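Subject: Structure for you to look at

Hello,

Here is the structure I said I would pass on. Please open it next to this email and follow along; my notes come after it.

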Amino acid sequence: MTLSKKKYRYIGIYLSSHLSSNKAGILEKLSNRYLGLFGSIDYSNANIRIIEIKDIPNSIVILKCRLESLTNMLISLSLIELELMIVSISGTLKQLKKKILMFLNYVSENQKCLTFNFKDS
């Protein structure tokens with residue numbers, strides 16, 4: 001039997017202004033949706049976590065999950081009714097941070113174009 005390293009993916013998510021202060025609430029809603037769709041065994045194997053990085057603003061949250069659970073994670077993210085946008089997915093935090101900073105530069109240049117048009121729940 002060979003031992004292999006578990007592979008993870010990091011998901012950068014841009015939050016609307018009123019969600020950025022409640023990252024734990026986002027994880028709770030995501031967890032509940034994931035559990036409802038795929039069950040507790042798959043949720044446990046997914047190993048979903050929030051990663052804290054100092055240089056990233058509060059409007060960005062970084063989630064970590066196992067590579068095998070990435071599709072289920074994206075499905076769960078799309079089915080929770082929160083104002084969020086997936087910025088990028090990467091296998092390393094270094095690359096994800098680069099992509100997030102490029103995104104934030106683009107947003108600061110084009111602030112008027114980036115608005116959320118969701119119904120209030």
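One definition is needed before the notes: a crossing of two helices is left-handed if the near helix is turned anticlockwise from the far one by less than a right angle, and right-handed if clockwise. Please also keep in mind that this is a predicted model.

Overall layout

The protein chain contains 4 helices and 4 strands. Followed along the sequence, these elements come in the order β-α-α-β-β-α-β-α. Of the 121 residues in the protein chain, 36% are buried. If you take the contacts between residues at least 6 apart in sequence, 73% of them join residues at least 24 apart.

Helices H1 and H3

Two packed helices are described by the angle between their axes and the distance between the axes. For helix H1 (residues 23-38) and helix H3 (residues 70-79), the angle is about 115° and the axes are 9 Å apart. By the definition above, H1 passes H3 in a right-handed crossing.

Which residues of H1 and H3 meet? From H1 they are Leu30, Arg33, Tyr34, Leu37 and Phe38, and from H3 they are Asn72, Met73, Ile75, Ser76, Leu77 and Leu79. Sorted by class, this contact of H1 with H3 has 8 nonpolar, 2 polar and 1 charged residues.

The two sides of H3

The buried residues in H3 are Leu70, Asn72, Met73, Ser76 and Leu77. They lie on the same side of H3, because they cover an arc of only 160° around the axis. Thr71 and Ser78, on the other side of H3, are exposed. What do the buried residues of H3 pack against? Their partners are strand S1 (8-15), H1, helix H2 (40-46), strand S3 (60-66) and strand S4 (84-90).

Aromatic rings

Searching the whole structure gives 3 aromatic pairs. In one of them, tyrosine 34 and phenylalanine 38 form a tilted pair, with 5.2 Å from centre to centre and 55° between the planes. Both residues belong to helix H1, where they sit 4 residues apart, about one turn of the helix.

Is tyrosine 34 buried or exposed? Its relative accessible area is 0%, so tyrosine 34 counts as buried. Phenylalanine 38 has a relative accessible area of 28% and is therefore partly exposed. Ring pairs also bring in Tyr43, which is linked with Tyr34 and Phe38 into a cluster.

Glutamate 68 is in the loop between S3 and H3. With a relative accessible area of 56%, glutamate 68 is exposed; the cut-off for that word is over 50%. The C-alpha atom of glutamate 68 is 7.5 Å from that of alanine 46, and the two residues are 22 residues apart along the chain.

Glutamine 95 is in helix H4 (residues 93-109). This residue is partly exposed, as its relative accessible area is 36%. Where is glutamine 95 relative to tyrosine 10? In sequence they are 85 residues apart, while in space the distance is 9.6 Å, C-alpha to C-alpha.

That is what I have for now.

Regards

Conventions. Residues numbered from 1 in each chain as written. Predicted model: local features only at pLDDT ≥ 70, side-chain atom pairs only at ≥ 80, totals over all residues. Heavy atoms only, no water. Axes fitted to C-alpha atoms, helices over the stretch in contact; angles between N-to-C directions. Contact = heavy atoms within 4.5 Å. Nonpolar A, V, L, I, M, F, W, Y, C, P; charged D, E, K, R; others polar. Buried < 20%, exposed > 50% of the residue type's maximum accessible area, 1.4 Å probe, protein only. Arc of directions from axis to C-beta. Phe/Tyr/Trp six-rings, centres within 6.5 Å; stacked < 30°, edge-to-face > 60°.
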